[in-house]
Amino acid sequence: MVVSSIERSLPFYRELLGPIGWHGLSEVEGERGETIWYLVGPGSSVGLREATAEGGLPYDRYRVGLHHLAFEAPSRAAVNERAEWLQGQGVEIESGPEEYWYMPGYYAVFFYDPDGIKLEILNVPGHAA
């Protein structure tokens, strides 16, 4: 994921994801010499790098690119705890936490990161988190 400020976004993502098992952090040099910070969680990772191009339009999840990114939590309680943390941080919550029709027991909170990228933390009973 390309972010506008790594100083702002890296702490946000580490604090957001740490309580649901994303404890690893590694640093890799990107193809333009930039630092890419990989947050490592259960069975996956997400790379964050700071934007190097100037200008451009604001982020729009309905343009080509990322619509939203979902992270699975081990329980509904973890979804609720993260939603409370988000509210305490003043993060804009789009909806939830609540149960959604996507599949039986699908429980999630949808919100926006510091650059306006839509994120989700979810729990579905029976899924491995």
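**Salt bridges and ring pairs in a predicted model**

Student: How many salt bridges does the structure hold?

Tutor: Keep in mind that this is a predicted model. Side chains of opposite charge can pair when their charged atoms come close. In this structure, the number of salt bridges is six.

Student: Which residue forms a salt bridge with R49, with the closest N and O atoms 3.2 Å apart?

Tutor: R49 sits in strand β4, and its partner is in the loop between β2 and β3, so the pair ties together parts 18 residues apart in sequence. With the closest N and O atoms 3.2 Å apart, the partner of R49 is E31.

Student: Is E31 buried or exposed?

Tutor: Exposed calls for over 50% relative accessible area. E31 comes in at 67% relative accessibility, so it counts as exposed.

Student: What is the N to O distance in the salt bridge of E99 and R76?

Tutor: E99 is partly exposed, with a relative accessible area of 47%, and R76 is partly exposed too, at 33%. The side chains of E99 and R76 meet in a salt bridge, and the N to O distance is 2.4 Å.

Student: Where does K118 lie, and how many residues apart are E94 and K118?

Tutor: E94 and K118 form a salt bridge, with their closest N and O atoms 2.9 Å apart. E94 is in strand β6 and K118 is in strand β8, so this pair links distant parts of the chain, and the separation is 24 residues.

Student: Is K118 buried or exposed?

Tutor: The cut-off for buried is under 20% relative accessible area. K118 has 8% relative accessibility, so it counts as buried.

Student: Is the pair of W22 and F71 stacked or edge-to-face?

Tutor: W22 lies in the loop between α1 and β2 and F71 in strand β5, so the pair ties together parts 49 residues apart in sequence. Planes over 60 degrees apart count as edge-to-face. The ring centres of W22 and F71 are 5.2 Å apart and the planes are at 90 degrees, so the pair is edge-to-face.

Student: What about Y100 and Y102: stacked or edge-to-face?

Tutor: Y100 counts as buried at 12% relative accessibility, whereas Y102 is partly exposed at 39%. Stacked needs planes under 30 degrees apart. Their ring centres are 5.6 Å apart and their planes at 5 degrees, so Y100 and Y102 are stacked.

Terms used:
Residues are numbered from 1 along each chain as its sequence is written. This is a predicted model: local features need pLDDT of at least 70, side-chain atom pairs count only at pLDDT 80 or more; totals for chains, interfaces and linings use all residues. Side-chain values use heavy atoms; hydrogens and water are left out. A salt bridge is a side-chain nitrogen of Lys or Arg within 4 Å of a carboxyl oxygen of Asp or Glu. Helices (H or I, at least four residues) and strands (E, at least two) are DSSP runs, numbered from the N terminus. Buried means under 20% relative accessible area, exposed over 50%, partly exposed in between (1.4 Å probe, protein chains only). Rings of Phe, Tyr and Trp (its six-membered ring) pair if their centres lie within 6.5 Å; planes under 30 degrees apart count as stacked, over 60 as edge-to-face and the rest as tilted.
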